[in-house]
There are 2 protein chains.
Amino acid sequence: MCKVAESKRTKIKALLTGEQVDVNVRVKGWVRTKRGNKNVSFIALNDGSCLANLQIVADPNNISEDILKRITTGACISAEGQLVASQGAGQKVELNAETIEVLGEADPETYPLQPKRHSLEFLREIAHLRPRSNTFGAIMRVRHAMIFAVHKFFHDKGFVNVHTPIITGSDAEGAGEMFRVTTMDLANPPKDEEGNIDFKQDFFGKETNLTVSGQLEAELGAMALGEVYTFGPTFRAENSNTTRHLAEFWMIEPEVAFADLEDNMDLAEEFLKFLAKYALDNCREDLEFLKERALQEEKNLPADKKNELNLIERLEFVANNDFQRLTYTEAIDILKNSKPNKKGRFQYKIEEWGADLQSEHERFLVEKHFKKPVILTDYPAKIKAFYMRLNEDEKTVAAMDILFPGIGEIVGGSQREERYEVLVEKVKAMGIPEEHVWWYLDTRKFGTAPHAGFGLGFERLILFVTGMTNIRDVIPFPRTPGTAEF
Amino acid sequence: MCKVAESKRTKIKALLTGEQVDVNVRVKGWVRTKRGNKNVSFIALNDGSCLANLQIVADPNNISEDILKRITTGACISAEGQLVASQGAGQKVELNAETIEVLGEADPETYPLQPKRHSLEFLREIAHLRPRSNTFGAIMRVRHAMIFAVHKFFHDKGFVNVHTPIITGSDAEGAGEMFRVTTMDLANPPKDEEGNIDFKQDFFGKETNLTVSGQLEAELGAMALGEVYTFGPTFRAENSNTTRHLAEFWMIEPEVAFADLEDNMDLAEEFLKFLAKYALDNCREDLEFLKERALQEEKNLPADKKNELNLIERLEFVANNDFQRLTYTEAIDILKNSKPNKKGRFQYKIEEWGADLQSEHERFLVEKHFKKPVILTDYPAKIKAFYMRLNEDEKTVAAMDILFPGIGEIVGGSQREERYEVLVEKVKAMGIPEEHVWWYLDTRKFGTAPHAGFGLGFERLILFVTGMTNIRDVIPFPRTPGTAEF
């Protein structure tokens, strides 16, 4: 058997947050910088356990010149020695190296992640290395904390996590924009007698796509288990190259039996507040760094493009303030009478009830008018999906969208249409073949119940929590039109 | 705004595990059975929060005959009344209904889930309703508990959960058996000048598939963050209709920098013991039910097919006993000299070192020879993947498989080849185009470090924890050749 790691390491986070000094320890990690002179070298070592580096003091009397030469940015080393109180500013402890082993060199001529300011665009090209940077290390740790917080929130409430299918034979959200999944030979696909592609001969015996949402299947779960949630990847084959869209992204979709729209809003608001607070309580070091980073980025922006609150303040604001709730109809009134509408400053002028709200309108409501998260409810039925519950006015549905400053729509949800006849009518009207959704209709036929749920786009959440502005920077390996590297 | 659920329910689990009696409560759920006579009806109500039903006592003086008639198996009701100590056996409390509202009926003529023994095959056809059965309710709750336990285990150790990509442009495990992802018109795909399919015009500008493993990307994470894990769906387009294979399944893949094979085995063993103990500590009611269910199923099996230990005992055994560790070479010796090998009872006779172990050999080692979980290590290099670390003997690799009784391989892992030259050599030998894995090779070029990891097939774990025997019964909506319903 092969044995390489002859002695265990201690994580740098444990050393920096612990109380121990004057003990012998071993650390392993990647060199961020090395500076110094011929009498002493200072190595900043990071092992990913936290943002901060451990300073390693290397005295040429202990560490050979040959070893020191090989210690460059990006190299991986194992260092052992005495952990002592630090004389320098900025750190509590440092390591006086007694031995250093170079586990892996990083040629300074070719290693792409040098200690200088790289553009985010460049870092995307080296997404396999970018978690070694301060910014992406922080984002990855915050993203993890939010994953855990999502599970903790629902688990503690007694929800059941349901893994809804990724490959799906139904296309219930309607029309296009899905990725096809197939094992057919594209150059020579099987054809039926009429010369059409014969999907009966495909792997699943029919046309299959990547899911756009686990909601319909989550509803099946809720109609048996009461409270469920999904947390999985979802896909959109939209050719949109924006800072807010990915072809592959993660979504959280709770679904609750016996809940109405108000319960749904309460749950979503409590959830988002919990997440903001969890980040503040558990990711302080990373958030402080990301806050400063964002302030630097904003420095050169015109005053009206700068955030009024910094990252930490924005998270605190969400955690501690109630969201503004109003109906679509109320929102239309506000927008119609707003200055930008009257002065023709909206690209799409709000003329009448029924108009679909554009991002500019949402931003006005959230960022200018209310200056806080907004929950819009009761949208016109005809601009929303078939499964949303028709209100008594018969022209609006019990839908809700939560709009966040700087992010736009972060949550979309609704009470679901639980009345069999109403739902069948809508399915017909939208042209959805009943044989695609017979199982969904079944839950209305057998023991139906009022229920509601919502979807949270996980990367949108991470944008908000990290203060990053491009969604490609908050997922490890972004998939967008033309890009599926790594 | 529409308001349906006029008053809040209490979950049945809270009532059955709480201490309160003689209080007014409201419950909502699905009727499992109704029995009684013209003087009193007993309704068994389940809301998915736990296995047990709440008994609702309906006196015709309070509840009209018309309502009672509509209360049949599968109907959804809201019942309100006094929670009282139960006179009957089998339950601590029951509900004396003062009012009952029928939220959704279930026509007894057509509702498929009647209170009788349904076959598992039939229940798969109604996978949208089967979580309303005792067996599948229990499985779903146990599955959830295991999801949470996975995250808790790694989170508490400081691992970072990394969402590795689902759509991937690389095919690093080598050849076939992948699902293609495309937005091209299959009837008329774009062709290049030579008449070949022009993948440059596909959504991602190249051929893309569904991932078979997040390992390679997880390694990138470990080489920056130290300790990471994935938990996501993976796909195999294998045309295998067995009780142990799915086309879409979930996998957990931890990856640890500075770990060798022994660290890897220690982590995997600790992980599996933690999961078994978590299930025992948190899912007792469901496990007791599943234990009895399995005993019933085994009743008609011949003695040698019955489990020596029942479900609870098997979980306790795993939680409390060390796994047997031995090398492939040692295993071959045992197998060569075993009775079934000598008597020609193996389908594949073990003749010499280098043979790939078949399921029958693994089962002999685990179920007959050692009678405990087994970790086999140091397999011949030529039967294992390119990324496994070559041992000093240059003919074996630092691989490990964990074999469980009744399940077979539940974990596969290895120390990874961290030496750039050795890895490049292997990539070439296996015919993997370097341009597909340049980013993977980069981690060996820049700051490489010993590291190791493994993959746990989540559904295999759930088979073990629930005692179910067909993998289609431990995932909500199974995808297998010819099946992608719901």
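A residue counts as buried when its relative accessible area is under 20%, as exposed when that value is over 50%, and as partly exposed in between. The legends below describe a predicted model.

Figure 1. B:D442 pairs with B:K445, with 3.8 Å between the closest N and O atoms. Both residues belong to helix 13 (residues 438-445) of chain B and stand three residues apart, about one turn of the helix. B:D442 has a relative accessible area of 8%, under the 20% limit, and is therefore buried. B:K445, at 39%, is partly exposed.

Figure 2. The closest N and O atoms of A:D322 and A:K273 are 2.8 Å apart, and the two residues form a salt bridge. A:D322 sits in the loop between helix 8 (311-320) and strand 12 (324-327) of chain A, while A:K273 is in helix 6 (residues 261-282) of chain A, so the pair ties together parts that are 49 residues apart in sequence. The relative accessibility of A:D322 is 53%, and this residue counts as exposed. A:K273 is buried, with a relative accessible area of 16%.

Figure 3. Helix 4 (residues 134-156) of chain A contains 23 residues. From the first C-alpha to the last, helix 4 of chain A reaches 32 Å, close to the 33 Å expected at 1.5 Å a residue. Of the 23 residues of this helix, 19 are buried, so helix 4 of chain A is largely enclosed by the rest of the structure. Just after the helix, A:G158 adopts a positive phi of about 90°. The side chains of A:R143 and A:E459 form a salt bridge at 2.9 Å, N to O. A:R143 lies in helix 4 and A:E459 in helix 14 (residues 458-466) of chain A, so this pair ties together parts that are 316 residues apart in sequence. Both A:R143 and A:E459 are buried.

**Figure 4. The interface of chain B and chain A.** Each chain is represented in the contact, with 123 residues from chain B and 123 residues from chain A. The area buried between the two chains is about 10000 Å², and carbon and sulfur atoms give 66% of it. On the chain B side, B:H163, B:F258 and B:F446 lose the most area to chain A, together 8% of what that side buries. Eight salt bridges cross the interface. One of the salt bridges joins the side chains of B:E227 and A:K11 at 2.4 Å, N to O. Helix 4 (residues 134-156) of chain B supplies 10 residues, the largest share of the side of chain B that touches chain A. That side has 61 nonpolar, 32 polar and 30 charged residues. Between the two chains, 37 residue pairs are in polar contact.

**Figure 5. The surroundings of B:N161.** B:N161 is placed in strand 6 (residues 160-161) of chain B. With a relative accessible area of 2%, B:N161 is buried. The side chain of B:N161 comes to 2.9 Å from the backbone oxygen of B:Y229. Leaving aside neighbours within four places in sequence, B:N161 is in contact with B:H151, B:Y229, B:T230 and B:F231, and also with A:H144 and A:I147.

How values were computed. Residues numbered from 1 in each chain as written. Chains lettered and ligands numbered in written order. Predicted model: local features only at pLDDT ≥ 70, side-chain atom pairs only at ≥ 80, totals over all residues. Heavy atoms only, no water. Helix = DSSP H or I, 4+ residues; strand = E, 2+ residues; numbered from the N terminus. Expected span 1.5 Å × (residues − 1). Buried < 20%, exposed > 50% of the residue type's maximum accessible area, 1.4 Å probe, protein only. Contact = heavy atoms within 4.5 Å. Buried area = accessible area lost by both parts, 1.4 Å probe. Salt bridge = Lys/Arg side-chain N within 4 Å of Asp/Glu carboxyl O. Polar contact = N/O pair within 3.5 Å; in protein donor to acceptor, adjacent residues only side chain to side chain. Nonpolar A, V, L, I, M, F, W, Y, C, P; charged D, E, K, R; others polar.
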